[in-house]
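Reader: I would like to go through this model by question and answer. Please start with the terms you rely on.

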Amino acid sequence: MHDNDIALKIFSGENSLSTAIQFNGFPREGLDFLQDLRTNNNKAWFEAHRTLYENCLVTPARAFIMEMGRRLQTIAPDIIFDPRTDRSLFRIYRDVRFSKNKAPFKEHLGILFWEGSAPKLQCSGFYFQLEPDNMMLAAGLYEFTSDLLQRYRAAIMNEKQADKLMKALQQIQGAGKDYVVSGDQYKRVPHGYDPNYQYARLLLFKSLGVIMQIPLPEQVHSADLPDFCLAHFKNMLPLHRWLVEMTA
């Protein structure tokens with residue numbers, strides 16, 4: 001049985017829902033919840049509104065994961081999606097142990113679809129983020145571990161692979177002005193690498209992605225949202241494919 005078939009059974013079991021559940025958009029009440037959370041980011045308020053969070057964000061998010069995952073399989077057949085919390089659906093609880101910001105909850109909804117056998121944040125994937133007043137779509141790799149960083153640099157030092165990545169990024173940016181190449185970067189070309197190498201600026205990255213952040217589209221409240229997202233994820237696909245090949 002395919003992993004995503006298992007996830008579908010888990011989804012229906014956890015929520016006592018039919019596997020035929022349909023995504024019909026995120027209710028406005030869910031966005032209102034996130035807006036109110038910005039000014040009431042404390043455990044007492046959250047617990048008093050937990051039912052609203054579960055019904056108007058978690059339940060539609062799980063349905064969205066299944067619908068979006070199926071669509072992504074048409075362009076990336078090996079994509080992994082799983083509606084459980086801490087799988088595709090990120091926890092709303094923040095890890096405040098090493099953060100100056102001690103607010104206990106994230107003020108957005110985050111969802112990840114990834115490809116690869118490594119832990120999900122070490123795989124390239126597609127990301128969806130919902131906030132009260134905007135939405136973000138992204139593709140790429142969140143963070144290069146030491147091993148991934150060495151593999152990435154080796155790929156960049158291969159002129160053919162570096163050229164392929166550069167063309168992928170140019171293709172994405174040429175598809176729309178809203179697509180922005182992102183990722184943490186070093187200030188200088190790493191020691192031991194030629195700063196005059198024609199692809200030296202690619203060596204600055206220690207994570208790599210492309211993001212699009214836009215005001216909430218009207219589709220966010222309708223069943224059309226997965227198709228809307230898929231159109232943009234298709235444009236981001238060249239980077240995802242390059243990173244999957246690099247990490248294979």
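Predicted model: local features only at pLDDT ≥ 70, side-chain atom pairs only at ≥ 80, totals over all residues.

Reader: Where does valine 189 lie?

Author: The strands on either side of valine 189 are β4, residues 180–182, and β5, residues 208–215.

Reader: Is valine 189 buried, partly exposed or exposed?

Author: Buried requires under 20% relative accessible area and exposed requires over 50%. Valine 189 has a relative accessible area of 24%, so the class is partly exposed.

Reader: Which residues does valine 189 touch, leaving out those up to four places away in sequence?

Author: A contact needs heavy atoms within 4.5 Å. Leucine 202 is 13 residues from valine 189 in sequence, with 8.9 Å between the C-alpha atoms. With residues up to four places away not counted, valine 189 touches Asp194, Pro195, Ala200, Leu203 and Leu204.

Reader: What is the order of helices and strands along the chain?

Author: The chain has 7 helices and 5 strands. Read along the sequence, they give the pattern α-α-α-α-β-β-β-α-α-β-β-α.

Reader: What is the radius of gyration, and what does the globule rule give for 248 residues?

Author: The C-alpha atoms fill a box of roughly 60 × 45 × 35 Å along the principal axes. The chain is as compact as a globular protein of that length, because its radius of gyration is close to the value from the globule rule. The two values are 19 Å for the chain and 18 Å from the rule.

Reader: Is aspartate 82 buried or exposed, and which side chain does its own side chain join in a polar contact?

Author: Aspartate 82 is found in the loop between α4 (50–72) and β1 (109–115). Its relative accessible area is 5%, under the 20% limit, so aspartate 82 is buried. A polar contact of 2.5 Å joins its side chain to that of arginine 84.

Reader: Which side chain makes a polar contact with the side chain of histidine 232?

Author: Histidine 232 lies in helix α7, residues 225–247, and is buried with a relative accessible area of 17%. Not counting residues up to four places away in sequence, histidine 232 touches Leu137, Tyr179 and Met212. The polar contact, at 2.6 Å, is with the side chain of tyrosine 179.

Methods:
Residues numbered from 1 in each chain as written. Heavy atoms only, no water. Helix = DSSP H or I, 4+ residues; strand = E, 2+ residues; numbered from the N terminus. Rg over C-alpha atoms; globule rule 2.2 N^0.38 Å. Buried < 20%, exposed > 50% of the residue type's maximum accessible area, 1.4 Å probe, protein only. Polar contact = N/O pair within 3.5 Å; in protein donor to acceptor, adjacent residues only side chain to side chain.
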